[in-house]
Amino acid sequence: MSTVDDVVTRGRSLSTEQLLLIAVGIGVVLLVGDLILGVLDGSYSISRIGRYVTEGVLYGLIMGLAGIGLSMTYSILNFANFAHGDTITAGAFIGWGGTYLIAGWGAAGLGHLALVGPQRGLGGPQLGISITSTPVAIFAGLLLAGVGTALFAVLIDRLAYKPMRGAGGIPLLITSIGVAFALRYLITFVYSSQSRGTTASVPSADLLLVDGYVSLDAHDGTLIAAAVVLMLGVHLMLQRTKLGKAMRAMSDNKDLALVTGIPTERVIRWTWMIGGGLAGSAGYLMVLWTGTIDWQFGWLLLLLIFAAVILGGIGSIYGAIVGGLVIGISMHMSMIWLPGGDFTTITAFLMMILVLLIRPAGLFGGKTTA
Amino acid sequence: MSSTANADRRTQLESLWEHDAVKIIAVIGAIYIVYALIGLILGYSLDGIVNTLRRMTYLIAVYGMVTLALNLHWGYTGLFNIGVAGFMAIGLYVTMMLAKPADPGGAAQYAGLGLPMPIAIIGGVVAAGLAGLVVALPALRLRADYFAITTIAFAEIVRLGITSDALQQFTILGAELGTGGGRGLIRNYDDPMNVIFQLEIFSSFVDLTNSLFGFGPTQARALAYSIVLVIVLAGIYWLIQRTSRSPFGRVLKAIREDEEAAQSLGKDTNMFKIKVFVLGCALMGLAGILWRFRRTGVTPEAFRPHVTFYIWIALIIGGAGSNTGSILGSGLFVAVLFEGPQYLRRVIDQLVAIGDAPNTFAGAVGPLLSANPVPLVRYTFAEFLTLQFVIMGVALILLMQRRPDGLLGHREETAAAIPLGARPSAAGGGSGGGGGSDSVSGGGFAHSQTRDQNDDSDQQTDGGIDAETVGTQADTNDRSEDSESSQGSESSDNTYQTDDSTTDGETQ
């Protein structure tokens, strides 16, 4: 039943939305115009922009990869999982423990290696870990990060979320904040809060771009390759397998899925495994790319991943990937106007808030694909 | 014979327990006794014990203030604010920037405006409220979980903003200001409590505490400060209690229960939500100011999302929707989860000699293979402060699983102006569910979720009950609605969902 008042409010809110949209549109046009003019008169060098875009894409791939899991749990279990960031950290530590064990076998105590070298002195750089010198250890670690985190995510679900399966999105969200907190400090308890380097330096290639160079090293390449392969794998799995179809059915209408005979509990388990596995892999690749690991990088990444997922539209895995790339690139591009890097995160959060205000359904219109 | 006397006494005690003041005094008193005992075990002198209790009072008062403000947001209106730390930061930073002297004086300090303290505090509170307005105006159209993400993103924007070098020092309208960046601000203005400390009568307070507990002047000042905080807490409690029982408060509860129904009764729910969000944020700003404006300085680190998390635990322990619960919750949070583990560690340290701990987890777990758990125990003990946070997280999970309503959240503080407890047996006539009062509520809102849709007769009688004093309403509801509240606690989660079906019944 729509009353006159309803129509009036709808009209009013529509106009504020349109005003916001116009304001954002003008802002984007101004920035793009400034960018083009700057490039033309040489005040912004093309290679610098190229570097920002490259870094943004790499960062965006990680966020997109991690965002798939967040988006899946959001659409299938109906809650914003604030523990996702710490799952990423946990995965990175699990995976890198494996890499250290394989690459440094015999060079140090097993405990020291499995805990990713908690004490100074004998870490990744000393062991010479890198994709070029110890490729087997890296791939094994990535695999371990994926599988280990998948199982770990199922365990967390069993302990924390399963007892309250029927509860609404908000109680589950609050629970996930508790899980995030417990998990983060459990990681510190086991792995120590020491931040440490993990990789030795690798050869890099300088690519000529008009007026300068953009350098890409072997770890950047590994990140791109692994992320693309994993994303393709998820795409094929969701589109071609029965499980993917069941997931889409569940995110569409849970009761109907149950009535149709879809084993919802099993689908939920697979959701956690895939989401957790991708989160763990993303964490592992992030550490490979940045070369350092610490106990809270996943938590710091979490809100950015939320930004990416919301930008793309919650429930859409392609949205998560595109959102990650857009957020990553715009974060780095913002340094053209706001130098120093203090405002990259703020830029991402503001973009997220704007998207929520103008188009809460996200770029992909909230069409659930997974 | 004696059993009936006992039973009498029990019912007497139970009815005494129904008073909120008794609950608060009993719980806080128990906390004091336990901590006094801990002080005795640790061999503290009298002034040490009183000082411990003073510290507890200070923490409980500050956390209580913020929890009350959050209760106004979430407990009463259903606004899922997880950006509490951001609003506290704005309040404190603005106050400090306004109060700091215009002439920086020392080397590494930044200029302020040098305004008198009361004006600076008002400025901080207003700034926090305005920040709430900026967030609320657009964000209230969003779903609860999106709103949550927006508020936490806002809090992080605030924290990163005050950390950034760009705002370390800036000029606005010709006035030089600065947030100090990552290094923070140092308090180089006079002690804001000097208003009290310079009173004639205060010197006799110092003498009194000296003769009673052996306090020095610094400790006496700290004690006076804590007492002032308790008074402010009582003021905020009174304010929110009044708000929640006013017609304004009843609309808030109606919004929490069913926003569409409140709208359909002609309430501009967005306006109400904005007002209450701004009020809550201003109170959070005030709490942030009182929390730290007397300390030697502040860094952005103080406003990490942890603070928000603490407040949420306190709120959930006490039970969302109950002001008394908020105070009990912050008391229990501070005593058991926040300070408890540290004191427990000290007590254990005092009683048992615990040897040197291994440096890493591997060194602790390795000996388990040879059935030697001692290193693991030592390691656990050494890392107890890390584990404290794990305990907090687990506590939140368990609370959400087992008792999502907390201690007092099961109380249905209904949106009605009249008690809904005693129902006359006569079947209702034709009066509609919403009739009988100028407030939105009538009978239906608080119960519409917990009761079946076809339960018409109940709903209709609600309108016809005589009005009683509003003050005793919560208590009578508490007892007489036990049968419903057990149902209500199960399904209270649905309350926050958009549940279209319920509105149909209301707007007959």
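Residues are numbered from 1 along each chain as its sequence is written, while chains are lettered from A and ligands numbered from 1 in the order in which they are written. Because the model is predicted, local features need pLDDT of at least 70 and side-chain atom pairs count only at pLDDT 80 or more, whereas totals for chains, interfaces and linings use all residues.

Q: Why is A:Tyr100 called buried?
A: A residue is buried if 20 or more other C-beta atoms, placed from the backbone, lie within 10 Å of its own, exposed if 12 or fewer, and partly exposed in between. A:Tyr100 has 27 other C-beta atoms within 10 Å, and is therefore buried. This residue lies in helix α3 (residues 84-103) of chain A, where helices (H or I, at least four residues) and strands (E, at least two) are DSSP runs numbered from the N terminus.

Q: Which residues does A:Tyr100 touch, not counting those up to four places away in sequence?
A: Two residues are in contact if their C-beta atoms, placed from the backbone, lie within 7 Å. With that exclusion, A:Tyr100 touches A:Leu113, A:Val116, A:Gly117 and A:Leu127. From C-alpha to C-alpha, A:Tyr100 and A:Gly117 are 8.1 Å apart in space, and they are 17 residues apart in sequence.

Q: What makes the phi of A:Val116 worth noting, and is A:Val116 buried or exposed?
A: Most residues other than glycine have a negative phi. A:Val116 is a residue other than glycine, yet its phi is positive, near 60 degrees. A:Val116 lies in the loop between α4 (110-114) and α5 (124-127) of chain A, and it is buried because 25 other C-beta atoms lie within 10 Å.

Q: Why is A:Asn78 called partly exposed?
A: A:Asn78 has 16 C-beta neighbours inside 10 Å, so it counts as partly exposed. It is found in the loop between α2 (46-77) and α3 of chain A, and its phi is positive, about 70 degrees, although it is not a glycine.

Q: What is the reach of helix α8 of chain B, and what follows the helix?
A: Helix α8 (residues 200-213) of chain B has 14 residues and reaches 21 Å from its first C-alpha to its last, close to the 20 Å expected. It is followed by B:Gly214, whose phi is positive, near 75 degrees.

Q: How do you know that the radius of gyration of chain A agrees with that of a compact globule?
A: The radius of gyration is taken over C-alpha atoms, and the globule rule is 2.2 Å times the number of residues to the power 0.38. For 370 residues a compact globule would have a radius near 21 Å, and chain A has 22 Å, which agrees. Buried residues make up 52% of the 370 residues in chain A, which holds 14 helices and 4 strands.

Q: Why is B:Ile31 called buried?
A: B:Ile31 has 21 C-beta neighbours inside 10 Å, so it counts as buried. It lies in helix α2 (residues 20-41) of chain B and, not counting residues up to four places away in sequence, touches B:Met56, B:Gly331 and B:Ala335.

Q: What makes up the side of chain B that touches chain A?
A: On that side, 44 residues of chain B are in contact with 44 residues of chain A. The helix α6 of chain B gives the most to this side, with 12 residues. Ala, Val, Leu, Ile, Met, Phe, Trp, Tyr, Cys and Pro count as nonpolar, Asp, Glu, Lys and Arg as charged, and the others, Gly among them, as polar; the residues of this side divide into 26 nonpolar, 12 polar and 6 charged.

Key: The expected span of a helix is 1.5 Å times one less than its number of residues.
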